[in-house]
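User: Please take me through this model one feature at a time. Give me the general idea, then the case at hand.

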Amino acid sequence: MTSVVVALGVALVVNLQMTPVYAARVTFFFSTPIAGASDLYPASMFNVSRLATYARLLTSDEVATPLAGTPGIDMDEQEVRDAISSETVADTVMMEVSVEDRDRNRALLLLTRLTARFESAVESLERSAPGEPSTVKVTVVSGPGLDEDPVAPDALNNFALATVVGLVVGAVASVGREVADDTVRTAEALQVLTSAPVLARVPMDSGRPARPGPFVSVSTSARTEALREVRTQVQCAAAANSVKTLAVTSAVPGEGRSATACGLALLFAEAGQRVLIVDAELRRPRLAAFLGQEESAGLSAVLDGTATLEQVLQPWGAGLWLLAGGRTPRNPSELLSSPRMTELVDDVRKRFDVVIFDCPPLLPVTDAAVVAAHTDGTLLVVRARRTTSAQVTAAVRTLHAVNATLLGGVLNMVARKGPDAVPTFESYVAGPGTPPQRGRGWRMQAVAG
């Protein structure tokens with residue numbers, strides 16, 4: 001549709017910018033004197049066969065050249081020839097001649113003089129001998145006359161052509177995008193790339209704000225239900241393999257990783273479990289600000305030994321605790337791979353039923369791989385139609401390199417329309433800076449990231 005609009009815009013500019021061209025027309029009838037009815041057919045065939053010759057005669061040195069530079073016609077010889085065109089009327093011995101020019105008065109003047117010279121030239125050339133009558137008579141049956149409207153630009157024709165060109169270009173571009181698009185669009189493609197199950201397709205929330213920030217999804221929305229499906233899959237894995245610590249990560253930023261981690265933590269708490277969500281994004285911690293909690297102390301303080309876990313744990317509602325990221329350290333990767341991190345993971349595994357680590361993306365930094373190696377399982381969040389196959393493959397390779405257990409993928413922000421759409425329900429947006437309500441009455445909160 002965009003290509004059609006652009007093409008129509010170009011056609012409009014062309015129509016407005018082009019200088020109008022006017023046409024003057026005259027129609028000639030060619031006849032041959034006949035002695036009787038028996039000569040009628042041969043005479044007719046004679047004239048028809050010679051019409052092509054007369055058309056060439058119009059632009060010859062005999063007819064067109066002398067008109068150049070005459071009073072009122074400030075045109076050279078080639079310009080005069082280019083202005084003249086002719087067309088035979090089908091199945092007749094008539095020929096329509098036209099002269100096109102930007103100056104309508106000059107077009108009519110040139111045609112008038114051309115008509116006189118052409119009549120004289122034909123009859124002169126068709127005489128068998130000087131002083132004898134011409135074997136062909138030229139009669140003007142229409143014109144010379146000037147068309148009321150300019151022949152160019154043809155606005156309707158230009159718009160029609162622009163529409164066709166726009167549709168063709170749009171179709172070619174659409175096919176080209178589909179062929180060149182290497183992003184992950186379906187759950188089946190994600191499963192092949194990760195060699196792991198896709199736990200859910202999470203639709204984009206219709207109430208999501210245009211810029212990053214807090215937003216709230218109602219408990220009956222399709223997004224919430226999809227995350228409940230992820231929770232159920234993790235619970236099944238936990239029952240079979242004792243999964244208590246969970247790393248949530250992505251290949252690159254902007255895939256909805258933090259939203260998924262925070263939503264899952266709230267849903268596990270909703271199910272009556274003791275849940276801890278850890279902001280393991282030490283370079284850009286954000287969960288504390290979103291949940292309205294203290295951000296100055298958190299995971300970084302515990303890992304560098306300046307605080308204990310008890311000092312920095314923050315309760316949030318019923319059954320949910322937050323371990324914020326804290327102040328950004330100079331060496332995040334070293335802290336996350338230190339023995340203190342191992343001790344911390346063992347400690348929180350004993351204290352809580354579920355521990356969820358919101359990790360940074362895998363490809364830009366090594367932090368997420370280090371955290372994933374400490375946990376019982378990892379969820380890989382992939383944004384539909386944005387994350388490329390190469391990025392997913394590289395992220396999976398990074399997890400395998402540290403022997404992390406990939407529980408499955410989450411295809412996030414799936415379109416609400418189209419063949420892969422997930423049904424959605426109504427959602428609403430919380431005002432900027434509005435702190436979430438605490439306690440059992442909360443609805444699921446999430447952040448972009």
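Analyst: Start with N403, which sits in the loop between α15 (389-401) and β13. Helices and strands here are DSSP runs numbered from the N terminus, helices being H or I with at least four residues and strands E with at least two. This is a predicted model, in which local features need pLDDT of at least 70 and side-chain atom pairs count only at pLDDT 80 or more, while totals for chains, interfaces and linings use all residues. Residues are numbered from 1 along each chain as its sequence is written, and side-chain values use heavy atoms, leaving out hydrogens and water.

User: What is the phi of N403, and is N403 buried or exposed?

Analyst: Most residues other than glycine have a negative phi, and most peptide bonds are trans. N403 is not a glycine, yet its phi is positive, near 60°. N403 is exposed, with a relative accessible area of 67%; buried means under 20%, exposed over 50% and partly exposed in between, with a 1.4 Å probe and protein chains only. S195, also not a glycine, has a positive phi of about 55°. S195 lies in the loop between α6 and β5 and is exposed, at 68% relative accessible area.

User: Which residues does a cis peptide bond join?

Analyst: The cis bond joins G143 and P144, with omega about -5°. P144 belongs to strand β4 (residues 137-146).

User: What is the strand order of the open sheet?

Analyst: Strands of a sheet pair through backbone hydrogen bonds, either parallel or antiparallel. In this model, eight strands form an open sheet with mixed pairing, in the order β5-β13-β12-β7-β11-β8-β10-β9. Two strands count as paired if DSSP finds at least two bridges between them. The edge strands are β5 (198-203) and β9 (314-315); each has a single partner strand, so one side of each is left without a neighbour in the sheet. Helix α6 (residues 187-194) packs on the sheet and touches β5, β12 (377-383) and β13 (406-414). A contact means heavy atoms within 4.5 Å.

User: How many bridges join β8 to β10, and in which sense do β9 and β10 pair?

Analyst: β8 (residues 275-279) and β10 (residues 320-323) run parallel and are joined by four bridges. V275 stands opposite L320 in β10. On the other pairing, β9 and β10 are antiparallel, with two bridges, and Q314 has L322 of β10 as its bridge partner. Four residues separate the strands of this hairpin, where G317 takes a positive phi near 70°.

User: At what angle do the axes of α7 and α8 cross?

Analyst: Two packed helices are described by the angle between their axes and the distance between the axes. The axes of α7 (residues 222-241) and α8 (residues 257-270) come within 9 Å and cross at roughly 70°. That makes α7 roughly perpendicular to α8, a label for angles of 65 to 115 degrees (under 35 is roughly parallel, over 145 roughly antiparallel, the rest oblique). The residues making the contact include L227 and V234 of α7 and L264 and F268 of α8.

User: Which residues have the most contacts inside the largest nonpolar core?

Analyst: They are L299, L323, L344 and F357, in a core of 48 residues. A nonpolar core is a set of buried Ala, Val, Leu, Ile, Met, Phe, Trp, Tyr and Cys residues joined through side-chain atoms within 4.5 Å. Helix α14 (residues 367-374) gives the most to this core, with five residues. A second, separate core has 35 residues, among them V234, L246, A265 and W316.

Conventions: Axes are lines fitted to C-alpha atoms, for helices over the stretch in contact, and angles run from 0 to 180 degrees between N-to-C directions.
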